[in-house]
Amino acid sequence: MGKEIQQRPKANVSSYIHFSLNYRKKLRKQQPNTYLGFKDLSRRCSEKWKSISMREKAKFEALAKLEKACYQEEMMNYVGKRRKRRKRDPQAPRRPPSSFLLFCQDHSVKLKRKNPNWSVVQVAKAMEQMWRTMTDVEKQPYEQSAAVLRAKYREEREAYCEQ
């Protein structure tokens, strides 16, 4: 007969995931006819997670540690294919930035100076808004420089692929 295919061990989950699965079961028992969408359920779950004591959280953390140890042991005995990250060749040319990224390089420093207490997310949102409100004429220099960089990248890539 043929070889049996060994299934890859199931990855371990965090203590919060254990808690959310448990909390979901409790909610279903308490309210069997009520449907909660993913958004509502996850919101309730996160609020409950924040409010429970450290003693209760420790139970779920212990479950997660136990499951992680089992997973690592199973992976030691696993013979099948393992996921490997493809390593990037350091000599390969890097992809060029888009016109929006070129715009961000020019304007992010100015925005950070004007608003030093802003987070990275707030700066990114402001730049996105600025980019959306720009006209095509204002965007043109960034798009032209991006096109030049793309052409240069293609040439470098062709030369690299020939090697």
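**Reading the terms on a predicted chain**

The model is predicted: local features need pLDDT of at least 70, side-chain atom pairs count only at pLDDT 80 or more, and totals for chains, interfaces and linings use all residues. Residues are numbered from 1 along each chain as its sequence is written, and side-chain values use heavy atoms, with hydrogens and water left out.

Q: What makes up the secondary structure of the chain?
A: Six helices and zero strands. Helices (H or I, at least four residues) and strands (E, at least two) are DSSP runs, numbered from the N terminus. Along the sequence the pattern reads α-α-α-α-α-α.

Q: Why is the chain called more spread out than a compact globule?
A: Its radius of gyration is 26 Å, well over the 15 Å that the globule rule gives for 163 residues, so the chain is more spread out than a compact globule. The radius is taken over C-alpha atoms, and the rule is 2.2 Å times the number of residues to the power 0.38. Those C-alpha atoms fill a box of roughly 60 × 55 × 30 Å along the principal axes.

Q: Why does S99 count as buried?
A: Buried means under 20% relative accessible area, exposed over 50%, and partly exposed in between (1.4 Å probe, protein chains only). S99 has 16% relative accessibility, so S99 counts as buried. Of the 163 residues of the chain, 22% count as buried.

Q: What is S99 in contact with, leaving aside neighbours within four places in sequence?
A: S99 is in contact with W131, Y142, E143 and A146. Contact means heavy atoms within 4.5 Å. S99 itself lies in helix α4 (residues 99–114).

Q: Why is S42 called partly exposed?
A: The relative accessible area of S42 is 28%, so S42 is partly exposed. S42 sits in helix α2 (residues 38–51). From S42 to R24 it is 18 residues in sequence and 9.3 Å in space, C-alpha to C-alpha.

Q: Which residues does UniProt list for "domain: HMG box"?
A: The unreviewed UniProt entry lists residues 9–79 and 93–161. Its positions follow the numbering used here, feature names are shortened, and annotations may be inferred rather than shown by experiment. Residues 9–79 are 76% helix and 0% strand, with end C-alpha atoms 11 Å apart. Residues 93–161 are 81% helix and 0% strand, with end C-alpha atoms 10 Å apart.
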